[in-house]
Amino acid sequence: STVATFATVNSTIDSENFVYQFEVMESSASGWGSTRVYSVELFADGTLLDTLFIKNATADGSNVEGATAQFDLGSSTSLPGGITVKVTKVVD
């Protein structure tokens, strides 16, 4: 199987601020059904910054699917000491 080009989902981003970006993807080409929804939470120094939701609109059993997530870190001058990402399946 191949990796599909991922759509980008993002929080509201201030063009001056640092942005944390990463990919969330299925482990195999047939891993996500068309109704599955995940929440993606980003924490900076233990504080929840934002939550995004990812839904696979059309299942493609021949490609690994996912999304590129982008979160505004809330500052243009400093970075947090620690970042935690929590991905939770909310609808199967």
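Tutor: Read along the sequence, the pattern is β-β-β-β-β-β-β-β. That is 8 strands and 0 helices; strands are DSSP runs of E, at least two residues, helices are runs of H or I, at least four residues, and both are numbered from the N terminus. The model is predicted: local features need pLDDT of at least 70, side-chain atom pairs count only at pLDDT 80 or more, and totals for chains, interfaces and linings use all residues. Residues are numbered from 1 along each chain as its sequence is written, and side-chain values use heavy atoms, with hydrogens and water left out.

Now the core. A nonpolar core is a set of buried Ala, Val, Leu, Ile, Met, Phe, Trp, Tyr and Cys residues joined through side-chain atoms within 4.5 Å. Buried means under 20% relative accessible area, with a 1.4 Å probe and protein chains only. The largest such core holds 12 residues: F22, V24, W32, Y38, V40, L42, L52, I54, A67, A69, F71 and L73.

Take I54, one of the core residues. Leaving aside residues up to four places away in sequence, I54 touches V9, V24, W32, R36, V37, Y38, V40 and A67. Contact here means heavy atoms within 4.5 Å.

Now the whole protein. Of contacts between residues at least 6 apart in sequence, 71% join residues at least 24 apart. Of the 92 residues, 34% are buried. The C-alpha atoms fill a box of roughly 45 × 25 × 20 Å along the principal axes.

Definitions and conventions. Buried means under 20% relative accessible area, exposed over 50%, partly exposed in between (1.4 Å probe, protein chains only).
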